[in-house]
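Biologist: Before I plan any work around this protein, could you take me through the model step by step?

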Amino acid sequence: MYKAQASKPRTLSESIHIALDEMLKALETSIAGLSNAQLWSHPIEGRHNIGEIVLHVLENIDRHACYFQVGTWALDHEQHERNDFHARPVEDGADLGDVPGVEELSAQVRTLKAAVFRTLEGITDRELYSPRYGEQTYWWQQRGRLSIDAYHRVIWHANAHTRQIWCLRGAMGAVESDHFPRQFWH
């Protein structure tokens, strides 16, 4: 799907670009090859399913790497409230209604990827150490975080959830040679 690239960042923004690219590719490939039924199944009782995790991660990326950076959302903001299951019990997500399939979620990852990289176009390291648009938000006012903090949050948060996705895939036996975690930068 993706060929590995040599990692040679020379600036902080190049490092962030590589880390975001690695993370977004890992997220996209973590759902590749799943059926829609597998996406929404619960292979481990009491845990969120892959679909819910992906929706949650997409909301977080859109919030921190798009909205807090430049003041615009890449995805449907109305859906974000529904997709933010942080600290909610698994049972609260049991009736999600009309849910997207694998292809739709993959398309959302690609849309978000393009938007995230637009937020990085021409950014200087100095701007990464400023709040950017986040200064206009309650999140920044309450926490005083900088642009770089939001990008780091997105990378670490998504990577943690991508590991959960692979655990769930393993629990349902949805791991074969064509769909296995890989490295995209070396």
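The questions and answers below go from the whole chain to single residues.

Modeller: This is a predicted model, in which local features need pLDDT of at least 70, side-chain atom pairs count only at pLDDT 80 or more, and totals for chains, interfaces and linings use all residues. Residues are numbered from 1 along each chain as its sequence is written, and side-chain values use heavy atoms, with hydrogens and water left out.

Biologist: In which helix is confidence highest?

Modeller: The predictor's confidence in each residue, pLDDT, runs from 0 to 100, and the protein averages 88, with 89% of the residues scoring at least 70. Confidence is lowest in helix α4 (residues 77-83), at a mean of 67, whereas the highest value, 96, belongs to helix α5 (residues 102-120).

Biologist: How many helices does the protein have?

Modeller: Helices (H or I, at least four residues) and strands (E, at least two) are taken as DSSP runs and numbered from the N terminus. Along the sequence the pattern reads α-α-α-α-α-α-α-α, and the count is zero strands and eight helices.

Biologist: How many of the 20 residues of α1 are buried?

Modeller: A residue is called buried under 20% relative accessible area, exposed over 50% and partly exposed in between, with a 1.4 Å probe and protein chains only. Helix α1 is largely enclosed by the rest of the structure, because the number of its 20 residues that are buried is 14.

Biologist: Are α3 and α8 roughly parallel or antiparallel to each other?

Modeller: Axes are lines fitted to C-alpha atoms, for helices over the stretch in contact, and angles run from 0 to 180 degrees between N-to-C directions. Helix α3 (residues 50-70) and helix α8 (residues 147-172) pack with axes 10 Å apart, at an angle of about 170°. Angles under 35 degrees count as roughly parallel, over 145 as roughly antiparallel, 65 to 115 as roughly perpendicular and the rest as oblique. The two helices, α3 and α8, are therefore roughly antiparallel.

Biologist: Which residues is Ile 148 in contact with, leaving aside its neighbours within four places in sequence?

Modeller: Ile 148 lies in helix α8 and counts as buried because its relative accessibility is 4%. Although Ile 148 and Leu 12 are 136 residues apart in sequence, their C-alpha atoms are 9.1 Å apart in space. With contact meaning heavy atoms within 4.5 Å, and with neighbours within four places left aside, the partners of Ile 148 are Leu 12, Ile 16, Leu 128 and Tyr 129.
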